[in-house]
Amino acid sequence: MKIKDVLKDNKVHISFEVFPPKTEAAYDSVLSATEKIASLKPAFISVTYGAGGGTSKNTVKIASKIKEDFGVPSLAHLTCVSSTKEEVHQVIDRLKENGIENILALRGDIPKSTEFPLPNHYKYAYELIEDIKAQGDFCIGAACYPEGHVETEHKKDDIRHLKQKVDCGVDFLTTQMFFDNSILYNFLYRIREQGITIPVLPGIMPVTNGKQVKRICELSGTILPERFRAIVDHFGENPEAMKQAGIAYATDQIIDLIANGIQCIHVYSMNKPEVAGAIMNNLSEILKA
Ligand code: FAD
């Protein structure tokens, strides 16, 4: 099923994300975690794509399993910056052969070691979106950044580039993680004002590792609000306490989003069925309301 059709009804939906195994040895454990997440009946499960394209086969394989064997719509991420256009076209062909209808079209981070862009490579995600549209009838998602993408100095330029990307045929957007909902509300106001009207799925990350989150925030430019920083400072060294606090904080963010009319929320629970399950459990009555 196409995600744009899943989003059409008037219900609240929760989706989850998994990352593919880097080695064949890890394949079974990733698949088993994915099956457990699928049993929670999310709106869809997305499967990330390794930065250099090295895990592309497993992204396609896991996305196909989610759809065919676990009965949940799947969303395959696809990055383009580190592969030639021909290589990217081959992956699109494989997605089509496997009946995968939804692609999250991404540029990927610019590799530090090479000139940018390399000949016959993509420069921005909008070029990939044009190619996906030309190759098949896919539902296309793209990324957006409520706090601005790290490479762009001014948010208004980022939103202008986002509008250009959306106009190439994007059906929905998923946001970078954020820990302060007011940033999302402000962003939605700004993009709606610029004529971006497609659904935006806020990306919520339940933080289960205090050390990692500080590093991720430094790299992505995501702000750690004081309220959340205090939680990480206090519980960051105790994995079980941090997990419980991270799930509670993410649940609180999700409830606030739902209360403010957001209908579909994407949870970066990664390959942790217990985290995805705890969130769904916390929302059991809320999702019925
Ligand atoms: P773009 O939309 O191309 O934007 C990149 C930068 O270029 C921005 O600063 C933008 O303002 C600027 N720009 C865009 N168009 C123009 C233009 N015409 N002229 C000048 N500047 C322009 N990475 C992975 O490797 N694998 C994943 O699976 C993955 N999943 C992600 C999922 C989500 C929801 C998000 C938010 C990010 C994900 N990423 C993933 C990270 C993503 O690949 C990086 O953030 C990357 O640096 C930007 O990708 P993009 O598709 O947003 O790029």
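Which residues in α2 meet which residues in α3? This report on a predicted model starts there.

## Helices α2 and α3

On the α2 side, the residues are Tyr 27, Val 30, Leu 31, Thr 34 and Ala 38. They meet Asn 58, Ile 62, Lys 65 and Ile 66 in α3. By class, this contact has six nonpolar, two polar and one charged residues.

Helix α2 covers residues 27-38, and helix α3 covers residues 56-68. Their axes come within 10 Å. They cross at roughly 35°, and the crossing is right-handed. Helix α2 also lies across two strands, β1 and β2 (45-47). Relative to β1, helix α2 runs at about 175°.

## The barrel

Eight strands close into a barrel. Their order is β1-β2-β3-β4-β5-β6-β7-β8, and the pairing is parallel. From one strand to the next, the twist averages 30°.

Several pairs can be followed one by one. Strand β4 (residues 102-106) and strand β5 (residues 139-144) run parallel and are joined by four bridges. Here Ile 103 stands opposite Ile 140 in β5. Four bridges also join β5 to β6, again in parallel. In that pair, Ala 143 has Thr 174 in β6 as its bridge partner. Strand β6 is mostly covered, with five of its six residues buried.

Strand β8 spans residues 264-267. Cys 264 and His 266 point one way from β8. Ile 265 and Val 267 point the other way. Side chains in a regular strand alternate between the two faces of the sheet. All four of these β8 residues, Cys 264, Ile 265, His 266 and Val 267, are buried.

Strand β8 pairs with β1 (residues 13-18) in the parallel sense, over four bridges. Phe 16 stands opposite Val 267 of β8. Strand β8 also pairs with β7 (residues 200-204), in the parallel sense and over two bridges. There, Gly 203 has His 266 of β8 as its bridge partner.

## Around the ligand

The ligand is surrounded by 23 residues. The closest are Thr 48, His 77, Arg 107, Ala 125 and Ala 143. Helix α6 gives the most, with four residues.

What is the make-up of the shell by class? Eleven of its residues are polar, seven are nonpolar and five are charged. Ala 143, one of the closest residues to the ligand, is also the bridge partner of Thr 174 in β6.

## Thr 79 in strand β3

Thr 79 is found in strand β3. Is Thr 79 buried or exposed? A residue counts as buried when 20 or more other C-beta atoms lie within 10 Å of its own. Thr 79 has 25 other C-beta atoms within 10 Å, so it is buried.

Which residues does Thr 79 touch, leaving out those up to four places away in sequence? They are Tyr 49, Ala 51, Gly 53, Leu 106, Arg 107 and Gly 108. Of these, Arg 107 is also among the closest residues to the ligand. Thr 79 and Glu 97 are 18 residues apart in sequence. In space they are 19 Å apart, C-alpha to C-alpha.

Note on methods. Residues are numbered from 1 along each chain as its sequence is written. This is a predicted model: local features need pLDDT of at least 70, side-chain atom pairs count only at pLDDT 80 or more; totals for chains, interfaces and linings use all residues. Axes are lines fitted to C-alpha atoms, for helices over the stretch in contact, and angles run from 0 to 180 degrees between N-to-C directions. A crossing is left-handed if the near helix is turned anticlockwise from the far one by less than a right angle, and right-handed if clockwise. Two residues are in contact if their C-beta atoms, placed from the backbone, lie within 7 Å. Ala, Val, Leu, Ile, Met, Phe, Trp, Tyr, Cys and Pro count as nonpolar, Asp, Glu, Lys and Arg as charged, and the others, Gly among them, as polar. A residue is buried if 20 or more other C-beta atoms lie within 10 Å of its own, exposed if 12 or fewer, and partly exposed in between; C-beta atoms are placed from the backbone. Two strands pair if DSSP finds at least two bridges between them. A residue is near a molecule or strand if its C-beta atom, placed from the backbone, lies within 6 Å of it.
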